[in-house]
Amino acid sequence: MVAAEPLLALLADGEAPIDLPVLLVAAHPDDEVIGIGAQLARFRDITLLHATDGAPRDGRDAAMHGFADTESYAAARRRELLAAIAIAGITADRALACGIPDQQATLRLADLTRQLAALIATRRPAALITHAYEGGHPDHDATAFAVHAALLLTDAPRPTLLEMAGYHAGPQGMETGCFLPMAGCAPVRLPVSPAARESKLRMIACFATQARVLAGFPVDVEALRPAPRYDFTRPPHPGRLHYENHPWGMTGGIFRRMAVEALQALEGNR
């Protein structure tokens, strides 16, 4: 295992390449660009894994963007992803996918955890980057759960576990590009040079179907922090979660109940 502090210091110090094997586990195609798009070209040995295909099965997003069905929409999201990561020098064979429908990762917590455990055992990353558990999107929280649970299922050396900033509920609405405060887990701001910012903007432009959504995220600020130990059976913060404001078929109460059920199902795998 590589200690979090030296790795974060290396990431925060200039734009030196990172040669360590890194696994980045994101919920949706584009989350990696939102979180650390300006850093992606620095990673010489990175594998991406997306929990979902980015296409909700209710068909509303597909229809809104002019696609005849969700399969076509999912394929478009994949093409957008590959075009974006190519700008960072990441090839298609480095972008793996679980294929879970968008907004349904919580329904597959145990399966997703087992897939991740198998990938970690095979790839043996020195560092693993994923979402924080913050109630922003149920797929983000499900991905965070699966990553943390998967690390308990494998005998592979434990990688440095880092979180990228996403979004969550705040006093004035959705807050982006920052973390909920967590004792002992100070965020480390990462450099975003003019050239890296331009590359990130080019990557964001590849996601034509997500243009309206991505316009609300900062391009000049990126941060990582060591992942805390979460209790996924408790709310990530008091009050209403951000995703409870959307018709995504998920509440904090349902998520936590499913987390309990998944933990019970995974007991036999330890």
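Helices and strands here are DSSP runs, helices of at least four residues and strands of at least two, numbered from the N terminus. The model is predicted.

**Stop 1: the largest pocket**

Start by selecting D61, H137, Q210, V213 and W248. Of the 31 residues that line the largest pocket, these lie nearest its centre. The volume of this pocket is about 690 Å³.

At least two lining residues come from each of α2 (31-36), β2 (46-56), α3 (60-64), α4 (70-87) and α8 (211-214). Which of them gives the most to the lining? Select α8: four residues of the lining belong to this helix.

Then colour the lining by residue class. The count is 13 nonpolar, ten polar and eight charged residues.

**Stop 2: helices α6 and α9**

Select residues 138-150 for α6 and residues 252-266 for α9. The axes of these two helices come within 12 Å and cross at roughly 25°. Angles under 35 degrees count as roughly parallel, so α6 is roughly parallel to α9. The crossing of α6 past α9 is right-handed.

Now show side chains where the two helices meet. On the α6 side, select P138, D141, A142, F145 and A149; on the α9 side, select F255, A259, A262, L263 and L266. What classes do the residues of this contact divide into? Nine are nonpolar, one is charged and none is polar. Among the contact residues of α6 is D141, and Asp counts as charged.

Terms used. Residues are numbered from 1 along each chain as its sequence is written. This is a predicted model: local features need pLDDT of at least 70, side-chain atom pairs count only at pLDDT 80 or more; totals for chains, interfaces and linings use all residues. Side-chain values use heavy atoms; hydrogens and water are left out. On a 1 Å grid over the protein atoms alone, a cavity is a set of points where a 1.4 Å probe fits but cannot get out, and a pocket is an open set with protein on both sides within 12 Å along at least five of seven lines; lining residues have an atom within 4 Å of a point. Grid points are joined across faces, edges and corners, and a volume is the space filled by probe spheres set on the points. Axes are lines fitted to C-alpha atoms, for helices over the stretch in contact, and angles run from 0 to 180 degrees between N-to-C directions. Angles under 35 degrees count as roughly parallel, over 145 as roughly antiparallel, 65 to 115 as roughly perpendicular and the rest as oblique. A crossing is left-handed if the near helix is turned anticlockwise from the far one by less than a right angle, and right-handed if clockwise. Contact means heavy atoms within 4.5 Å.
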